[in-house]
Amino acid sequence: MSDSPAQSPADTATRVFVSYRELLFSVVYNMLGSIADTEDVLQETWLSWAGRSRHSPMAEIDNPRAYLVRIAVNHALARRAGINRRRETYVGPWLPEPLVTDTAADPPADTADTADRALRAETVSMALLVVLESLTPLERAVFVLHEVFGYAHTEIADILDRRPSAVRQLAHRAREHVHARRPRYQAHPRVQRQATERFVSAALGGDVGALMEVLAPEVTLWTDGGGKARSALRPIHGREKVARTLTGYSSRPPQGLDIQYRSVNGDPSAVIFAGDAPYAVMVMDLTPEGDQISSVYLVTNPDKLSAVRRDEDAAPPDGKPDPGERG
């Protein structure tokens, strides 16, 4: 039996890049909050990587993972300026592009792409992405690399070409800012799913009484239509105003709405379709007690929903959720 032919440098470069692609996607998406921009950065990263492999032997790169992360992070930082310019003319509140992965239920353990799905699921919540938007690009890069992916400050210093002491200062500022605006609390997925179902049932059904029960007194509603779909021009605060706004939306719904409960940025959420087209993504944030909703993120901008696809395996809810049901 003859040995298999040796891989060409181009084949080796492709294999290495593909093996780290999901990691790069997750790092860049958490830095930018945009799937479209993330895909563009990955394309730029691939071109830089392929160009490097054509001019130098791959064996000279001791740590391809670190090398690729460095390329991707620096491309992402360069792209951030363009994103900020778009934000200046954006109509209404800006929310991150929702990353819809699998169904809200646990995915099968024996799927071949479990590792890739786990890497792509290594994203922070919609609520935290909103907070990260208030950081400087460098602070956000350091926070994502250190807090989300566990990179040491010395490793981040190499990636960003900064002194470790400067990176530690950036990390300290970012952490203090984030923790002041986003206390560390994560609801159990089952509790989040139940609260989401109760909220969606009340909101789409126009049930003001049920909405008032599930919404916290100081709830905030962010609606991101980008000037292309119905939305409020600024965040709405307070239970009564939020309930009134949501029931106003539900008074003239499009025909054939279909709700799927999916994982959005790691949280059980609602993805709503009108026919085969995505209509809205609704992500809820719960109070520390887990019994009421403190924030609602409603994305209706069709440009931000272009990557959302129906999940034919997503089980529909069994009628209207029972508000009295508890897990």
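So, in helix H7 the buried residues are His153, Ile156, Ala157, Ile159 and Leu160. Buried here means under 20% relative accessible area, exposed means over 50%, and partly exposed is in between, with a 1.4 Å probe and protein chains only. Look down the axis of H7 and those buried residues fall within an arc of 160 degrees, so they line one face of the helix. That arc is taken from the directions from the helix axis to the C-beta atoms.

Before I go on, a word on what we're looking at. This is a predicted model, where local features need pLDDT of at least 70 and side-chain atom pairs count only at pLDDT 80 or more, while totals for chains, interfaces and linings use all residues. Residues are numbered from 1 along each chain as its sequence is written, and side-chain values use heavy atoms, with hydrogens and water left out.

Back to the helix. H7 covers residues 153-160, and His153 lies in it. Helices (H or I, at least four residues) and strands (E, at least two) are DSSP runs, numbered from the N terminus. Is His153 buried or exposed? His153 is buried, with a relative accessible area of 18%. Leaving aside neighbours within four places in sequence, His153 is in contact with His146, Val167, Arg168 and Ala171. Contact, by the way, means heavy atoms within 4.5 Å. And the buried residues of H7 pack against H3, H6 and H8.

Asp161 sits in the loop between H7 and H8. Asp161 has a positive phi of about 60 degrees, although it is not a glycine. In general, most residues other than glycine have a negative phi. Asp161 is exposed, at 59% relative accessible area. Asn265 lies in the loop between strand S4 (257-264) and strand S5 (267-274), and Asn265 is buried, with a relative accessible area of 2%.

Next up is H8. With 18 residues, H8 reaches 26 Å from its first C-alpha to its last, close to the 26 Å expected at 1.5 Å a residue. The expected span is 1.5 Å times one less than the number of residues. Which residues of H8 are buried? They are Ala166, Val167, Leu170, Ala171, Ala174 and Val178. These cover an arc of only 135 degrees around the axis, which puts them on the same side of H8. On the other side of H8, Gln169, Glu176 and Ala180 are exposed. The cover over the buried residues of H8 includes H5, H6 and H7.

Let's zoom out to the cores. A nonpolar core is a set of buried Ala, Val, Leu, Ile, Met, Phe, Trp, Tyr and Cys residues joined through side-chain atoms within 4.5 Å. The largest one has 47 residues, and Met31, Val69, Val73, Leu132 and Leu145 touch the most other members. Helices H1 (9-32), H2 (35-55), H3 (64-88), H5 (126-132), H6 (137-148), H7 and H8 (164-181) each supply at least two residues of this core. Which helix gives the most? That's H1, with 11 residues. There's also a second, separate core of 28 residues, and Ala195, Leu211, Ala243 and Met282 are among them.

Then the strands. In S2 (residues 215-224), 8 of the 10 residues are buried, so S2 is largely enclosed by the rest of the structure. S2 and S7 (residues 293-299) run parallel, joined by 6 bridges. Strands count as paired if DSSP finds at least two bridges between them. In the segment after S7 you'll find Thr300, which counts as buried at 13% relative accessibility.

Last, the whole chain. There are 11 helices and 7 strands, and buried residues make up 48% of the 327 residues. Among the contacts with a separation of 6 or more, residues 24 or more positions apart account for 69%.
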